[in-house]
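Please open the model in your viewer and keep the sequence panel beside it.

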Amino acid sequence: MIFGLVHPLLDITVTVDQEYLDRYGLKANDGILAQEKHRKIYDEVLSGSMGEVKKIPGGATQNTLRVAQWYLREKHATTSVGCVGADKVGEDMIELLNSEGVRTEYMVDTTSTTGVCAVLVSPDGVDRSLVTRLDAANNYQHTHLVSARVWSAVEESRIFYVSGFMLNYSSEIMAFIGEHAVENNKCFVMNLSAPYLSSLFKVPMQRVLPYCDIIIGNNDEAMTLAENFGFSSDLYEVIEKLARLPKKNSRRKRIVIITQQEYPVLVYHDGEIKEYPVISIAPEDIADTNGAGDAFVGGFLASFARDRSLHECVQNGINAAHMILKVPGCTLPERHEK
């Protein structure tokens with residue numbers, strides 16, 4: 001089983017131009033936590049005045065678990081744990097995840113609303129800017145994790161997946177899960193998730209990295225981390241540095257995976273870096289890029305959970321990302337076969 005500590009979010013997706021991004025000081029292919037000046041974005045998007053709005057369950061780790069579940073098929077092969085508000089958005093999200101086979105163990109915060117992510121997509125669908133309002137997602141508690149029902153899911157799981165987005169408030173919970181993984185020789189995986197995290201949350205990241213058997217990110221995230229950690233500016237050297245950082249579980253060799261959009265995926269394992277070309281796609285066939293990176297991890301982890309070779313895991317990740325590039329957000333095809 002794959003266990004994910006998640007920010008359960010509703011993705012609200014709309015097409016915007018560069019002028020709109022500039023108005024709010026946003027960058028293409030970036031992700032930020034909403035500040036007070038960004039609060040109007042959600043009302044503007046949901047009003048419908050900016051064009052068609054797509055509402056899809058999101059949150060990076062939740063997306064990854066949904067994709068992994070789609071591949072694994074067996075009910076409750078994945079478990080999603082986080083915090084939602086006591087509202088219809090949270091209820092609908094849980095219902096959808098359950099219908100897809102994902103086991104949900106969500107703490108419900110009656111004092112807050114379910115988190116939302118504004119996904120602002122360029123007219124050609126190639127670029128996206130993410131502006132996240134965490135709300136209830138930011139309120140997950142350790143007491144919920146160690147409750148009998150949730151901890152039983154921890155004990156049943158072999159793979160633990162967390163995103164860097166959790167570092168702003170959950171590094172202690174992440175480390176707690178990491179200790180369980182080390183003690184039981186289970187696999188602990190973290191995604192770097194966004195460039196700003198290695199700057200704003202450098203100390204929490206340094207606390208969690210030693211637990212990581214697999215580190216995943218993209219080239220922008222890796223290079224920003226390199227700047228904040230004092231590494232060189234050569235991507236290959238950055239990958240090797242990440243692989244050689246202190247590690248608590250010596251029984252597992254660390255794997256580092258860096259994606260580069262249309263360029264080859266770089267994978268470090270056992271002292272060498274291999275390149276894996278991605279599947280080419282015409283710009284007109286891209287619906288939007290939101291969720292493609294999450295899907296890569298979902299495809300990778302699904303194969304990893306089946307004990308496939310590293311080569312097969314990476315290829316399945318590439319296939320999953322290619323599939324999601326063709327649809328809005330992380331929209332999964334229906335599966336009729338058992």
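Begin by selecting F3 and F160, and you will find that F3 stands opposite F160, which belongs to strand β9. Since this is a predicted model, keep the confidence colouring at hand as you go.

Now extend the selection to strand β1, residues 2–5, and strand β9, residues 159–163, which run parallel and are joined by 4 bridges. Which sheet do these two strands belong to? Select β6, β5, β1, β9, β10, β11, β12, β13 and β14 in that order, and you have an open sheet of 9 strands with mixed pairing. At its edges lie β6 (103–109) and β14 (272–276), each of which pairs on one side only. If you look from one strand to the next, the twist averages 20 degrees.

Next, show the whole protein, whose secondary structure comes to 13 helices and 14 strands. Its radius of gyration is 19 Å, close to the 20 Å that the globule rule gives for 338 residues, so the protein is as compact as a globular protein of that length. Buried residues make up 57% of the 338 residues.

Finally, colour by pLDDT, which averages 93 over the protein. Where is confidence lowest, and where is it highest? The lowest is in strand β4, residues 54–58, at a mean of 82, whereas the highest is in β10, at 98.

Technical notes
Residues are numbered from 1 along each chain as its sequence is written. This is a predicted model: local features need pLDDT of at least 70, side-chain atom pairs count only at pLDDT 80 or more; totals for chains, interfaces and linings use all residues. Side-chain values use heavy atoms; hydrogens and water are left out. Two strands pair if DSSP finds at least two bridges between them. Axes are lines fitted to C-alpha atoms, for helices over the stretch in contact, and angles run from 0 to 180 degrees between N-to-C directions. pLDDT is the predictor's confidence in each residue, from 0 to 100. The radius of gyration is taken over C-alpha atoms; the globule rule is 2.2 Å times the number of residues to the power 0.38. Buried means under 20% relative accessible area, exposed over 50%, partly exposed in between (1.4 Å probe, protein chains only).
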